[in-house]
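These are my notebook entries on a single structure. I looked up its surface, its charged pairs and its annotation.

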Amino acid sequence: MASVRLHGIKKNYGDNPVIKGIDLDIEDGRFVVFVGPSGCGKSTLLRIIAGLEDVTEGELEIGGVPSLGVDPSKRGIAMVFQSYALYPHMTVADNMGFALKLAKVPKEEIADRVRRAAEILQIAHLLERKPKALSGGQRQRVAIGRAIVRKPEVFLFDEPLSNLDAALRAQTRVELARLHRELATTMIYVTHDQVEAMTLGQKIVVFNGGRIEQVGTPFELYERPANLFVAGFLGSPRMNFLEASLVGERGAIATVRLAGGAQVEVAADATNAAVGAKVTLGVRPEHLRLQPPEAGEGGGIPGTVGLVEYLGDVTLAYVQVEGMPEMVAVKCNGGQPAPAMGARVLLAFEPQQAYLFGADGAAMPARERSARIPAAAY
């Protein structure tokens, strides 16, 4: 096992900077996920760690050893790609042990390592098959097994589940989490899928435009996003954003007015913002409650239901709020009646469960947020 340290890493392609100064410490034995939209630089940084890309500037240490300029085969890493890249004419066992054979490892040791890896991945019964006789999930496990037999200090995964269907992705996520617990090896995993990031990562690194937006545990990033980008990237459906202006602030409770005229309170410290300043109100769909119009004056944000999606365990209601370009998503508990299309409703939420972002996109300081409450049906 080994830690990974990156300091001041920059990468340019000609005059185009794609990595714009990355400082990151990855502790020994942690499962770290790089997440972000396509083109944000996460895969490029992974390839830099692997030695497949040079850097324009910066330092890289693996296990405390300076590693820039070191041959990839000597960095103590093993990489699993999106493509399985299995040899079709070889058996599973031969595919898994091929790198060891090239390294002239004794046959008995190769067989022992392959058997052990196959047992961990639960593919011991497939060792004599060839890739064409395997499912997509089984082929990906063979590719992972090929990495395991090398006994690397650091595993690198570059969107390994992208070629799998939804059911297989869910199953393989569970297997990867179990694999990490069993091996206790440092793992760095790249994905654009926020569900994979939230379910797999002990630490998540959110990338955007070649920079790191925020680093933290899944809970920290979900409950305390640093800015609008992180708040909107993690969560499905994503956090609702409503344009507003600051009316006033008292005792770390800010009052804001929406474009349609409704006023709401948010548990945020807005003392550094001027009255009338433009702000963004953020509320996650699961924190919103739908109430009938007769709930009382000032009881919420008025709107009209524009779309209802029944998903089995949950129903999503999309509400059009006056003055807002996008509809507001609300999660209603499954099994409870959802509002009818065109129904007038009030959107309500607890002040401690909302967020406030300044004109620069940064989150305003907030009180400790209350426990989540389920969205009530209309």
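I first located Leu-307, which lies in strand S16, residues 301-310. Strands here are DSSP runs (E, at least two residues) and helices are DSSP runs (H or I, at least four residues), numbered from the N terminus. Leu-307 is partly exposed, because its relative accessible area is 33% and that class lies between buried (under 20%) and exposed (over 50%), with a 1.4 Å probe and protein chains only.

I noted that the model is predicted: local features need pLDDT of at least 70 and side-chain atom pairs count only at pLDDT 80 or more, whereas totals for chains, interfaces and linings use all residues. Residues are numbered from 1 along each chain as its sequence is written, and side-chain values use heavy atoms, with hydrogens and water left out.

I then looked up the surroundings of Leu-307. Together with Met-327 and Met-341, Leu-307 forms a nonpolar surface patch of about 260 Å² accessible area. Such a patch joins nonpolar side chains (Val, Leu, Ile, Met, Phe, Trp, Tyr) within 5 Å, each residue having over 30% relative accessible area and no salt bridge; like charges are joined within 9 Å. The areas come from the Shrake-Rupley method with a 1.4 Å probe, and for residues only the protein chains shown count as cover.

Next I turned to charged pairs. How many salt bridges are there? I recorded 14 salt bridges, each being a side-chain nitrogen of Lys or Arg within 4 Å of a carboxyl oxygen of Asp or Glu.

I examined Arg-115 and Glu-119, whose side chains meet at 3.0 Å, N to O. The two are about one helical turn apart, because they are separated by four residues in helix H3 (residues 107-121). Arg-115 is partly exposed at 39%, and Glu-119 is partly exposed at 39%.

I also checked Arg-238 and Glu-326, which form a salt bridge at 3.6 Å, N to O. This pair links distant parts of the chain, 88 residues apart: Arg-238 is in the loop between helix H8 and strand S11, and Glu-326 in the loop between strands S17 and S18. Arg-238 is partly exposed at 41%, whereas Glu-326 is exposed at 53%.

Finally, I consulted the UniProt annotation: an unreviewed entry gives "domain: ABC transporter" for residues 4-234. UniProt positions follow the numbering used here, feature names are shortened, and annotations may be inferred rather than shown by experiment. I noted that this span is 37% helix and 26% strand, with its end C-alpha atoms 25 Å apart.
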